Amino acid sequence: MLTKADIRLVRSLADKRARTDEGLFVAEGGKLIGELRASTLRIRRIYALDGIFAGEDVTTVSPKEMERLSLLKTPSDSLALVEIPRRRLDPAKLRRSLVLALDDVQNPGNLGTIVRLADWFGIGDVVCSEATADCFNPKVVQATMGAILRVRVHYCDLEAYLAAERAAGTPIYGTFLEGDDIYRTQLSPTGIVLMGNEGRGVTPACAAPDGKAAAGRNDAAESVPICARPLATVSFGSSCERPSGRAATEKTERAYPVQGAGRDVIPPPGKRCAVKRSQGEYSPRRLPALRVFSAEAARLCEKNLNFVN
C-alpha cells in the first residue's frame, strides 16, 4: 500500500541533497526498470501499475497515485528507487582505455546524452568535475536511456586529475573550435577526450591538453552543442557533410555486416552512411565514413546503420 511517506521520499529525490542523504535515485519506465532488475544495481522498491511487474519488492499503485509519485511531466507505468552505486576512481586502470572528461557540464539533458553516446561507442568511464551535473539527477537518468547502468561516472577535482594524468604521460585531447581538424589528426587509441562547459568551454585551469581537436565545424556556427561534441569527436572517420536535404524516411539499402571494432566503416562507392534514430527513421545527416571503437558499437552499427545514395 502506498503511503504519504513513500510519496514524500520519492518526490524528495529530485533534490541532490536528498539523494545523497538517502543513497537512492529514481528510475522510471518499464524498459529501464527491466534492465535494472537484470543489472548488479540494487533496487529498494518498485511502484508500478497493475500487471507491469511482480515480486516482493513491487508495490502496485493506481494511475492517480503514479501521477503523484512520478518526477516526469508525463507519468510512466512504473518507478523504482535504486541504491546509488559506490564506484572508486582508479586512474591507473583507466589509462588502458579511452575516457571522457567533462569540465563543468551543467545541463542534465546534455550529461545524459553524453553518457548514452559513451555507452554506444564502448567508452566505459566518464570523469567529471565536481561542478558537473549529478549523473543521478532524474533528468540525467532518463536521458541516458539505460546507459547509466553500464557507464561508470566519476566525480573528482578534474584539474588535479588531468595534471596527474599529464604527468603520467596519458594523451589528453581537448575539444576546441580553434583546434586542429580531428579528421586529419593522429589520435592514440587510449587517452582522455576533454569537453567543456556549454557556454564557456574548457576552463583555463584544465586547458593544457596534448592536442586541440575541432570536430569539422561550419564557419557560420558559433559553437558546437556539448551533447554533439563527443559524437563528432570519437565517431566520424572523415569529414562530416551537412544534411543532404533528403527525407529521413527515404528507402535505404541494408548495411553489410560491420567487420569488428577499431576501424572505419566505409560505404560502397556512391553511398553514404545513415544512422537510424530511435523513432525508426533515418537521420538526414549523411556521413562519408563512420569509425567503430568497440564490439558493442559494431553490433549496434550492424543493426542501425544503412547506406544510402
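Biologist: Asp-104 first: buried, partly exposed or exposed?

Modeller: Asp-104 has a relative accessibility of 13%, under the 20% limit, so it counts as buried. Bear in mind that this is a predicted model.

Biologist: Where is Asp-104 in the fold?

Modeller: Asp-104 sits in the loop that links strand 5 to helix 6. Its phi is positive, about 65 degrees, although the residue is not a glycine.

Biologist: Which other non-glycine residue has a positive phi?

Modeller: Met-145 is one of them, with phi near 55 degrees. It belongs to the loop between helix 7 and strand 7 (152–156). Met-145 has 47% relative accessibility and therefore counts as partly exposed.

Biologist: Back to strand 5. How many of its residues are buried?

Modeller: Five of the five residues in strand 5 (residues 98–102) are buried. Leu-98, Leu-100 and Leu-102 point one way, Val-99 and Ala-101 point the other way, and both sets are buried.

Biologist: What does strand 5 pair with on the strand 9 side, and in which sense?

Modeller: Strand 5 and strand 9 (residues 191–195) run parallel and are joined by five bridges. Within that pairing, Val-99 is opposite Ile-192.

Biologist: And how many bridges does strand 5 make with strand 6?

Modeller: There are three bridges between strand 5 and strand 6, again in the parallel sense. Leu-100 has Val-126 as its bridge partner there. To get from strand 5 to strand 6, the chain passes through helix 6 (residues 108–120), and this β-α-β crossover is right-handed.

Biologist: Different topic. How many aromatic pairs are there?

Modeller: The structure holds two. In one, Phe-25 and Phe-136 have ring centres 4.7 Å apart and planes at 35 degrees, so that pair is tilted.

Biologist: Which parts of the chain does the Phe-25 and Phe-136 pair tie together?

Modeller: Phe-25 is in strand 1 (residues 24–28), while Phe-136 is in the loop between strand 6 (125–129) and helix 7 (138–144), so the pair ties together parts 111 residues apart in sequence. Phe-25 counts as buried at 1% relative accessibility, and Phe-136 counts as buried at 9%.

Biologist: What about Trp-120 and Phe-121?

Modeller: Their ring centres are 4.7 Å apart and the planes stand at 65 degrees, so this pair is edge-to-face. Trp-120 is partly exposed at 22% relative accessibility, whereas Phe-121 is buried at 4%.

Biologist: Where does Ala-80 go, then?

Modeller: Ala-80 is in strand 4 (residues 78–83). It is buried, with 0% relative accessible area.

Biologist: Which residues does Ala-80 touch, leaving out those up to four places away in sequence?

Modeller: Ala-80 touches Phe-25, Val-26, Ala-27, Ile-33, Ile-43, Arg-45 and Ile-46. Ala-27 is 53 residues from Ala-80 in sequence, yet the C-alpha atoms of the two are 5.2 Å apart.

Biologist: Last one, helix 8. Which residues are buried there?

Modeller: In helix 8 (residues 158–167), these are Leu-158, Tyr-161, Leu-162 and Glu-165. Viewed down the helix axis, the buried residues of helix 8 fall within an arc of 95 degrees, so they line one face. An α-helix has 3.6 residues a turn, so residues three or four places apart point the same way.

Biologist: What caps the N-terminal end of helix 8, and what follows the helix?

Modeller: Asp-157 is the cap, with a side-chain oxygen 3.3 Å from the backbone nitrogen of Glu-159. After helix 8 comes Gly-169, with a positive phi near 90 degrees.

Key
Residues numbered from 1 in each chain as written. Predicted model: local features only at pLDDT ≥ 70, side-chain atom pairs only at ≥ 80, totals over all residues. Heavy atoms only, no water. Buried < 20%, exposed > 50% of the residue type's maximum accessible area, 1.4 Å probe, protein only. Helix = DSSP H or I, 4+ residues; strand = E, 2+ residues; numbered from the N terminus. Arc of directions from axis to C-beta. Polar contact = N/O pair within 3.5 Å; in protein donor to acceptor, adjacent residues only side chain to side chain. Phe/Tyr/Trp six-rings, centres within 6.5 Å; stacked < 30°, edge-to-face > 60°. Contact = heavy atoms within 4.5 Å. Pairing = 2+ DSSP bridges. Right-handed = clockwise from strand over helix to strand, strands pointing away.
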